[in-house]
Amino acid sequence: MWMGGQQKRPVDPGEGQTGTVTMSGGDLAVLLDSERRGVEVYAPAGYRWSPEPGQRVLVIQGRGEIPCVAGVRQGTGRPKSVAIDGGQVAVSGGGVSLSAGSELGLRGGMVKLGAEEKAEISAEELDLKAQVYIRGERLEDFIIRIVAAAMGGF
């Protein structure tokens, strides 16, 4: 029958499929041949990731296992050229959280976060849009104090 040929073929257990995320957060749901809820997300060690509704994801399922998301389709939102060396990772997203000992490359600059509460910012230009403090002292007060000391207590 013509209509019978229009249905998706059943997926063999252990075969990967792509689907669309319909719900995000604690109870992740993905639309495959039907909507699957409670899908687990797998990522490399040390990473936490939650796909957004509407994203295309790769879902795999072993025999007798629940389906799990193994990755997201990299589309046109990906940077055109990302040069990374072994042991480095390029990260993009609505928000990025890094722990000490990580390195984050910025266009035209670099931010390095060290394990000993050290940070380094290298950039051709740095535009700060915040109240800046140096060891708890406002930057403006810090500059006034240094200038006054240099001028002999003026």
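Trainee: What order do the six strands of the open sheet come in?
Mentor: The order is S3-S2-S1-S5-S6-S4, and the pairing is mixed. Keep in mind that this is a predicted model.

Trainee: Which are the edge strands?
Mentor: They are S3 (35-37) and S4 (40-41). Each of these pairs on one side only.

Trainee: How do strands pair at all?
Mentor: Strands of a sheet pair through backbone hydrogen bonds, and they can run parallel or antiparallel.

Trainee: OK, take S1. How many bridges join S1 to S5?
Mentor: Four. S1 covers residues 17-23, S5 covers residues 56-60, and the two run antiparallel.

Trainee: And how many join S1 to S2?
Mentor: Three bridges, again with the strands antiparallel. S2 is residues 29-31.

Trainee: Which residues are the bridge partners of Thr 20?
Mentor: In S5 the partner is Arg 56. In S2 the partner is Leu 31.

Trainee: What stands opposite Met 23 in S2?
Mentor: Ala 29 does.

Trainee: What do S1 and S2 form?
Mentor: They form a hairpin, with five residues between them. Look at Gly 25 in the turn: its phi is positive, about 100°.

Trainee: New topic. Which residues make up the largest nonpolar core?
Mentor: There are eight: Val 21, Leu 28, Val 30, Leu 32, Val 39, Val 57, Val 59 and Val 69. As a general point, nonpolar side chains tend to be buried together in soluble globular proteins.

Trainee: What is Leu 28 in contact with?
Mentor: Skip its neighbours within four places in sequence. Then the contacts of Leu 28 include Val 21, Val 39 and Val 69.

Trainee: Last one. Where does Val 132 lie?
Mentor: Val 132 is in the loop between S9 (119-123) and S10 (133-134).

Trainee: Why is Val 132 called partly exposed?
Mentor: Because its relative accessible area is 26%. Buried means under 20%, and exposed means over 50%, so Val 132 falls in between.

Trainee: What is Val 132 in contact with?
Mentor: Leave out the neighbours within four places in sequence, and you get Glu 137, Arg 138 and Leu 139.

Technical notes: Residues are numbered from 1 along each chain as its sequence is written. This is a predicted model: local features need pLDDT of at least 70, side-chain atom pairs count only at pLDDT 80 or more; totals for chains, interfaces and linings use all residues. Side-chain values use heavy atoms; hydrogens and water are left out. Two strands pair if DSSP finds at least two bridges between them. A nonpolar core is a set of buried Ala, Val, Leu, Ile, Met, Phe, Trp, Tyr and Cys residues joined through side-chain atoms within 4.5 Å. Buried means under 20% relative accessible area, exposed over 50%, partly exposed in between (1.4 Å probe, protein chains only). Contact means heavy atoms within 4.5 Å.
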